Amino acid sequence: MTENTDAVTAAETADHPLVELSHVEKHFGELHVLKDINLKVGKGEVLVIIGPSGSGKSTLCRTINRLESIDSGDIRIDGQPLPQEGKELTKLRAEVGMVFQSFNLFAHKTILDNVTLAPRKVRKIPKAEAEKEAMELLARVGVDSQANKLPAQLSGGQQQRVAIARSLAMHPKVMLFDEPTSALDPEMINEVLDVMVDLAKEDMTMIVVTHEMGFARQVADRVVFMADGEILEQGTPDEFFSHPKTERARDFLSKIL
Ligand code: ADP
Ligand code: MG
């Protein structure tokens, strides 16, 4: 494998996607939740996934860092198939950062500890070094002044920014965001979206499930529309929002816009 460089051409990206799902199938019992999902995400690309509730968006995200198994098909990160267990799986979870709707911080640990825990345990970084980097990350998302507090002492928007810093501390190759602003009070949505916009500008590879259509239009390189476990269409934000091809997408957009 070559090192990641900025000199990756578009053609190379197409040949060597950072994330690649091929013919992915998943059932929950009788429910066919992912149907022949084929998706490639290039290095530095921002992919936004939208679609009605229950269409399989969260399940799709969860398969990418193997929080969910798949029935058949293939998922690769940087050309490597997903490991099934053990140390390799722990490493994968570090490479694929995930930010959920609920912030999932450790309630009884300080903000600083929340951010340093995994780097110290998984990346074996010495405490002082982990704390230095954590403080830089907390500053980057604008919550460094909160470092010694517990999560419950922070607003939802601040907690979600800590969750992003915590993922970044693992130096992920790709970040998954599953409706990161859906649980937030409206006045806190932008402070989280702003951090995500900055990450996108810094060429982070991102897969974002969101109902924030302003963000999708502004930041997405590509929009994927899912319904009933299928990718029904994908295109640039302008193509998708201005000229949706399917009736399902037109119907969805008419309700949400
Ligand atoms: P979305 O994120 O698009 O709203 P989900 O991926 O959460 O959709 O869910 C897709 C479908 O799978 C829904 O019908 C949901 O009820 C079902 N589902 C999700 N997780 C599970 C699970 N662990 N067990 C059984 N059914 C599930
Ligand atoms: Mg969901």
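User: Why is Asp78 called buried?

Analyst: Asp78 has a relative accessible area of 16%. Buried means under 20% relative accessible area, exposed means over 50%, and partly exposed is in between (1.4 Å probe, protein chains only). The 16% of Asp78 falls under 20%, so the label is buried. Some ground rules: this is a predicted model, where local features need pLDDT of at least 70, side-chain atom pairs count only at pLDDT 80 or more, and totals for chains, interfaces and linings use all residues. Residues are numbered from 1 along each chain as its sequence is written, chains are lettered from A and ligands numbered from 1 in the order in which they are written, and side-chain values use heavy atoms, with hydrogens and water left out.

User: Where does Asp78 lie, and what is its phi?

Analyst: Asp78 lies in the loop between S4 and strand S5 (80-81). Helices (H or I, at least four residues) and strands (E, at least two) are DSSP runs, numbered from the N terminus. Phi of Asp78 is near 50 degrees, a positive value in a residue other than glycine.

User: And how do you know whether His108 is buried or exposed?

Analyst: Go by the number again: His108 has a relative accessible area of 77%, so with that value over 50% it is exposed. You'll find His108 in the loop between strand S6 (96-99) and H4. His108 and Lys149 are 41 residues apart in sequence, and their C-alpha atoms are 9.9 Å apart in space.

User: What makes Thr181 buried, and what does it contact?

Analyst: Thr181 is at 5% relative accessibility, which is under 20%, so it counts as buried. Contact means heavy atoms within 4.5 Å. If you leave aside neighbours within four places in sequence, Thr181 is in contact with Ile189, Val192, Leu193 and Glu212. Thr181 is in the loop between strand S7 (174-178) and helix H7 (186-201).

User: Why is Ala220 called buried?

Analyst: Ala220 has 8% relative accessible area, and since that is under 20%, it is buried. Its place is in the loop between helix H8 (213-219) and S9. Not counting residues up to four places away in sequence, Ala220 touches Val46, Val48, Phe215 and Pro237.

User: What makes H2 largely enclosed by the rest of the structure?

Analyst: Six of the eight residues of H2 are buried, so H2 is largely enclosed. The buried ones are Lys57, Thr59, Leu60, Cys61, Thr63 and Ile64. H2 is followed by Arg66, whose phi is positive, near 60 degrees.

User: How do you know which residues are around ligand 1?

Analyst: A residue is near a molecule or strand if one of its heavy atoms lies within 4 Å of it. For ligand 1, the residues around it are Phe28, Leu31, Val33, Pro52, Ser53, Gly54, Ser55, Gly56, Lys57, Ser58 and Thr59. H2 gives the most to this shell, with three residues.

User: Why is the pair of Phe225 and Phe252 called tilted?

Analyst: Rings of Phe, Tyr and Trp (its six-membered ring) pair if their centres lie within 6.5 Å; planes under 30 degrees apart count as stacked, over 60 as edge-to-face and the rest as tilted. By this rule there are three aromatic pairs. Phe225 and Phe252 have ring centres 5.5 Å apart and planes at 50 degrees, so they pair and count as tilted. Phe225 lies in strand S9 (residues 222-227) and Phe252 in helix H10 (residues 247-256), so the pair ties together parts that are 27 residues apart in sequence. Both Phe225 and Phe252 are buried. Phe225, Phe240, Phe241 and Phe252 form one aromatic cluster.
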